[in-house]
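Here's a quick briefing to read alongside the model. Keep the 3D view open and follow along.

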Amino acid sequence: MSALTSAGNNKLWLILLCLCSIMFEGCAALNTDQNEFINELIIRNDTNSALYDVTLRVPEKDIIVSTNFILPYREYSLGFPALENKRNRATLSWVHNGMNFRREIKTEIPVNIDKNKTSRVVIRIRNDGQMHSTIETP
């Protein structure tokens with residue numbers, strides 16, 4: 001009878017070990033798949049002349065953020081309560097030296113970003129309609 005009980009205990013321990021393994025792997029996978037949280041948007045004018053009618057649009061969310069102008073080598077900053085980055089399609093448009101520009105925002109997300117800290121999106125507008133967007137942890 002004791003051999004039977006010990007075999008039953010071994011099976012129980014094996015089942016518990018498997019369940020714990022699945023639970024912890026599941027938790028690790030959820031943490032890895034979590035998107036970063038954003039609480040600030042910065043649009044930097046890295047040119048030597050003002051940008052006008054700067055407008056960011058996120059069509060899926062009906063979000064429009066705009067400012068009349070950003071002076072040379074200055075920035076527009078907007079803080080907000082932390083939101084999970086859903087990676088929705090977005091565009092940025094502006095006028096620079098009398099020329100209209102409109103670009104799709106393709107934000108670079110560093111692979112080593114700490115997802116436990118809030119981050120900010122930094123968009124840099126450069127000469128000739130060039131734009132670069134990245135997520136940074138302050």
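Which residues are linked with R124 in a network of salt bridges? The network is made up of R120, R124 and E136. Keep in mind that this is a predicted model. Here's a tour by topic.

**The overall layout**

- The chain has one helix and nine strands.
- Of the 138 residues in the chain, 30% are buried.

**Salt bridges**

- Side chains of opposite charge can pair when their charged atoms come close.
- For this chain, the count of salt bridges comes to five.
- One of them joins R44 and E75, whose closest N and O atoms are 2.8 Å apart. R44 sits in strand β1 and E75 in strand β4, so this pair ties together parts that are 31 residues apart in sequence.
- Both partners are partly exposed: R44 has a relative accessible area of 22%, and E75 has 42%.
- Another salt bridge, at 3.0 Å from N to O, brings together the side chains of E136 and R124. This pair links distant parts of the chain, with E136 in strand β9 (residues 131-136) and R124 in strand β8, 12 residues apart.
- R124 counts as buried because its relative accessible area is 15%, and buried means under 20%.
- E84 and K86 also meet through their side chains in a salt bridge, at 3.6 Å from N to O. E84 is partly exposed, with 30% relative accessibility.

**The largest pocket**

- How big is the largest pocket? Its volume is about 710 Å³.
- The lining has 25 residues, and the closest to the pocket's centre are I38, L56, V58, N85 and V121.
- Strands β1 (37-45), β2, β3 (63-70), β4 (75-84) and β8 (118-125) each provide at least two lining residues.
- Strand β4 gives the most, with four residues.
- Sorted by class, the lining has 15 nonpolar, three polar and seven charged residues.

- Y52, F69 and L71 make a nonpolar surface patch of about 310 Å².
- You'll find Y52 in strand β2, which covers residues 51-58.
- Is Y52 buried or partly exposed? Y52 counts as partly exposed because its relative accessibility is 42%, and that class runs between the cut-offs of 20% and 50%.

Note on methods: Residues numbered from 1 in each chain as written. Predicted model: local features only at pLDDT ≥ 70, side-chain atom pairs only at ≥ 80, totals over all residues. Heavy atoms only, no water. Patch = residues over 30% accessible without salt bridge, like charges linked within 9 Å, V, L, I, M, F, W, Y side chains within 5 Å. Areas by Shrake-Rupley, 256 points an atom, 1.4 Å probe, with all protein chains shown as cover. Salt bridge = Lys/Arg side-chain N within 4 Å of Asp/Glu carboxyl O. Buried < 20%, exposed > 50% of the residue type's maximum accessible area, 1.4 Å probe, protein only. 1 Å grid on protein atoms, 1.4 Å probe; cavity = no way out; pocket = protein on both sides within 12 Å on 5 of 7 lines; lining within 4 Å. Points joined across faces, edges and corners; volume = space filled by probe spheres on them. Nonpolar A, V, L, I, M, F, W, Y, C, P; charged D, E, K, R; others polar.
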